[in-house]
Amino acid sequence: QSSTASRADRNKMRDAARARGARLLMAALLTGASIARGGVARDRHRRVDAGAAAARSRSSLRSLGCALMLRGGRSKAEPTVFNSEQDEIVWEMLQGNREYVRQRKEAALDNGGHSHEYLQYLQEDGGGALRQVKVKALIISCARSFAPMDHIFGADPRALLSVRVAGYTCSAADSVIGSVEWALADRTPPILIVVGNSNNDIVATAVQHAMGGRAPHKLNEQLEQQLSDSSLLNLVIPAVQDAMQRQPNGTYEEVLALACEMNVWRTVETLLSSSKTINEAAADGRLRVVGALLDVSSGAVQLMGQHPSLAELVKSTPSGDVVRTAEDAPVPAAEAAAMLYAGNLRYASGKGGYNQFSGDQKLLCKLCESGQNPVSVVVGCADSRAPIEMLFDMRPGDLFVLRNAGNTCASNKGSLIGSAEYSITHLRTKVLVVMGHTKCGAVAAAIDAAHSNTDLSTVAGSIGYLLADIIDSAKKAAASSPGTGSAEQMMLATRINVFNTIEKLILYSDIVYTGVKLEELQVIGAMYDIYTGKIEWLGEHPQLEALVGRPMPMHEWHNSPYLVRGASNLNPGRSPAAAEALARLSNGNGRFVGGQWRYKRPRSDTAPSAIVLGGSEYRVPVEDLFDVDPGEIVVQRVLGSVAGMQERVAFSSIEYAVARWSPPVLLVLVESASPIIDAALQQLRGQLLPRAPVRVVLNHVMVSAMRATQEVERELDEVSTSAGKELLVKQLATELNCFYSMELLLRSPTIREKVLAGELELHGAIMESGTGRVCFLGEHPRQTDIINTVLLQSSVYQNGSNATLPREVWGTAFQPLDKEASVAVQSSSSSSTAGAKAKPSSRELEVIVPETPSTSSAVEEINERLRQERQRLDHRSGPPAGGAAAAAVQSSPLRFSPPIPPPGFSPPPSPPGESRWDSGNDDAALSFHGPVVEAKWPSVSESIGAALRSAGARLPHLLLPSCEPGE
């Protein structure tokens, strides 16, 4: 405007700007003096460095005032001078927010062509361009902020990183702080802003809980009680208590407004006092951590400045590490196994030993006083060349180690069994590793004894009793490879001995047996090479299902080859509400990819139709990605789209949102080229261990990265190039990471009950980094199996993890599973013996599935394909024998039988105008005669597929059981 105005107008504008700058300079002096006079008196419980606070305030306002004065006296072409880059960034963000408020007030919000820029950035370098722009600020905000932060600050979305959780809060070494530390290590943005918002829902719930009868009850009693039990409230309550102490007679609205501010300071304080990375960066000036408050009604952001006690907080540097104690939740089995896998590769590559805390007295004291929480029991050999803690690169408190010569298990009454049971029950350990090693002296002695037919009872001392536990493995190795040398037989005997020990542990211990049978405990075999330092992972026992006497669907899922799913249109949503929500997300993403999306006006009166768990590493705002009204979806963003561990912030945030708003869809959204997948793969290749908060995220992602790596290595012959191998590993790891987050979420009682009641559907999706297109994966392929497994675990372990069921209680047909499974397969013509796996009959198979329109459609499709295949076989080999039975097969080879629902499960009502499909046949037992029917169907319903797999069949190569399982 100044370039087209008259000289008088320009002079008037310049004088006005100088006057505003002068007023700001005066305000700096007055504000600094008032802080110096009343800083300590304002908060008697904290030591406030009044002089430092005054200096910070004067410096900030002085730089802002000088900038205005200089801007008023310079021409448009001359740059504005700031004291620091941080001042300039804050200035730009505040000016962007002012423009956002103006446009919002005038209902003139417009994307200004950003959609086309988005697409250009996405298409350049496969999405990498979004990570090439320098990050100016990292923002922690609430998952229910009603608008993306780049909209609110009018900023380039590539210049902001966003972490979003309910209540804009965090705790020590959680995935929120891990997301922040990852961003600081990767880009080091100069500004970290914790943005609270007015009338925050979870703060309001905490205020209602703390004020009791003084607060208005806006929620029904049952929901209010459920939300009050959320562990997320424990993090917000201190801020509410501070607000009530400062406003002892305040109204609900006054306490809520102050509590929203105090919660900002509590989060800032947690960041500075628990993260070494953040603390050091703030202390040396590389990072400015400030608080801000968003007025949801107007969109205006009030900058609160830096923490009042910043000088005190940065005086004491936290250790940057944590120790896992009995106060923490147990590590899931899959994550514990990934930690062991990565730790050994660090040791073998010479990068181990850097994660010890021998000099940190605080951590050692905490480990001493708070108890142990090991990630794994390790049964290993006493050989001095196999130092177990070292070769796994673990620290004190990480492993529960049991050692003897030959890593064997002598009897069910020995100290080794009892020690393992103690760790499993009292320390809640989820993994048991039996590890042999090369050049084992005990195995070599057993092989010599087997070759010479030595009478072990004549061996001096107790050595003969020890060798008696290994001699069977030596004899099997010698018998299976009679023409080989002693070295080959020794390697084979060592492997056999590992699995023999696993078998003894399962057979001798009811506790181990119960844990394995419930799929709560993993018993894994391993071989350590004392020359290379590397471990060869042998996996679980190959006859595990036979040992425990039941089908183990999740064990099969985790150990079967995973095929890339890609985009899926098979499950658009089972309920009408979920189908509508998914359709809106899909259609909105189509508009985004087509460049037709627009900024929308926030709506606080909109009930969320979906919760989206996305990653903080990609910078496309999720609301833009799906072109939805701000407030229509709840967006949680943490590194890697991880669900986190139960009772931690990220997990509790999702549980709170599900309980509070009951949306029909929970979508786990991952990125196809996420850098966290690359980092996890590097950890599995021996990379140095990162700091504790980032490890929390990487441990989660490494589960999928490890499985993808192992699968591609097994199928290496089918991959032609190294590039193809690497890209396939990343693609598999990305999809599996999405499904693993879904597995963890289904373990939540809050989420699981909503899913069982038909009120919530849990779906997965992948955002293509190069296009922004979202590919929907549908529900977890084993959702029913996951829920059944968790329900069974809950029923057995309801009195604690030391509850066990002896074998005779389980019975031959594993009755607890039959009572609780909603999908089950039984043999109708044969029964299994005690302790043996139930095999399907070679003639009859009964399939029990829930009756729903989707399963009816799937069964009809299967029947039609069966009829076609039977006609083809009949034409080739003549009519089969069987008379009426064969005719029944051709007319209706697969039928429904009434489902057996889990306790408390009530199926949703039938949609209007539809009736439940009824076969009119109560037993639904079917006879198959003639040759084996084989069909290759890539799109068979997962519920039917799970049932047939449990009976010994395999999909997509479906073998109806006129053969043995696995043939």
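Colleague: Let's start with the core. Which residues have the most contacts inside the largest nonpolar core?

Modeller: Keep in mind that this is a predicted model. Its largest nonpolar core has 139 residues. Those with the most contacts inside this core are Phe392 and Leu745.

Colleague: Now the chain as a whole, please. What percentage of its residues count as buried?

Modeller: The secondary structure of the protein chain comes to 36 helices and 20 strands. The chain has 967 residues, and the part that counts as buried is 53%.

Colleague: Among contacts between residues at least 6 apart in sequence, what percentage join residues at least 24 apart?

Modeller: This share is taken within the protein chain, over contacts whose partners are at least 6 apart in sequence. Those that join residues at least 24 apart make up 76%.

Colleague: Let's turn to helices H7 and H9. Are they roughly parallel or roughly perpendicular to each other?

Modeller: The axes of H7 (residues 201-211) and H9 (residues 231-246) come within 9 Å and cross at roughly 65 degrees. H7 passes H9 in a right-handed crossing. Angles of 65 to 115 degrees count as roughly perpendicular, so the two helices are roughly perpendicular.

Colleague: How do the residues of that contact divide into nonpolar, polar and charged?

Modeller: On the H7 side, the residues are Ile202, Val203, Thr205, Ala206, Val207, His209, Ala210 and Met211. They meet Leu232, Leu233, Val236, Ile237, Val240 and Met244 in H9. By class, the contact of H7 with H9 has twelve nonpolar, two polar and no charged residues.

Colleague: Valine 240 is in that list. Is it buried or exposed?

Modeller: Valine 240 lies in helix H9. Leaving out residues up to four places away in sequence, valine 240 touches Val203, Ala206, Val207, Ala210 and Ala259. Its relative accessibility is 0%, so valine 240 counts as buried.

Colleague: How far apart in space are valine 240 and alanine 204, C-alpha to C-alpha?

Modeller: In sequence, valine 240 and alanine 204 are 36 residues apart. In space, from C-alpha to C-alpha, the distance between them is 9.2 Å.

Colleague: H7 also meets H10. Are these two helices roughly perpendicular or oblique to each other?

Modeller: The axes of H7 and H10 come within 10 Å and cross at roughly 125 degrees. H7 passes H10 in a right-handed crossing. With that angle, H7 and H10 are therefore oblique.

Colleague: Which residues of H10 make the contact?

Modeller: From H7, the contact uses Val203, Ala204, Val207, Gln208 and Met211. By class, the contact has nine nonpolar, two polar and no charged residues. The residues of H10 are Tyr252, Val255, Leu256, Ala259, Cys260 and Asn263.

Colleague: On to helix H27. Why is it largely enclosed by the rest of the structure?

Modeller: What covers its buried residues includes helices H6, H13, H28 and H29 and strand S13. The buried residues of H27 are Pro675, Ile676, Ile677, Ala679, Ala680, Leu681 and Gln683. H27 is largely enclosed because the number of its nine residues that are buried is seven.

Colleague: Threonine 734 is in helix H29. Which residues does threonine 734 touch, not counting those up to four places away?

Modeller: Threonine 734 is found in helix H29 and is buried, with a relative accessible area of 4%. Not counting residues up to four places away in sequence, threonine 734 touches Val670, Glu671, Ser672, Ile677 and Ile766.

Colleague: One last point, on backbone angles. What is phi of tyrosine 168?

Modeller: Tyrosine 168 sits in the loop between strand S2 and H6 and is buried, at 0% relative accessible area. Its phi is a positive value in a residue other than glycine, near 35 degrees.

Key. Residues are numbered from 1 along each chain as its sequence is written. This is a predicted model: local features need pLDDT of at least 70, side-chain atom pairs count only at pLDDT 80 or more; totals for chains, interfaces and linings use all residues. Side-chain values use heavy atoms; hydrogens and water are left out. Buried means under 20% relative accessible area, exposed over 50%, partly exposed in between (1.4 Å probe, protein chains only). Helices (H or I, at least four residues) and strands (E, at least two) are DSSP runs, numbered from the N terminus. Contact means heavy atoms within 4.5 Å. Axes are lines fitted to C-alpha atoms, for helices over the stretch in contact, and angles run from 0 to 180 degrees between N-to-C directions. Angles under 35 degrees count as roughly parallel, over 145 as roughly antiparallel, 65 to 115 as roughly perpendicular and the rest as oblique. A crossing is left-handed if the near helix is turned anticlockwise from the far one by less than a right angle, and right-handed if clockwise. Ala, Val, Leu, Ile, Met, Phe, Trp, Tyr, Cys and Pro count as nonpolar, Asp, Glu, Lys and Arg as charged, and the others, Gly among them, as polar. A nonpolar core is a set of buried Ala, Val, Leu, Ile, Met, Phe, Trp, Tyr and Cys residues joined through side-chain atoms within 4.5 Å.
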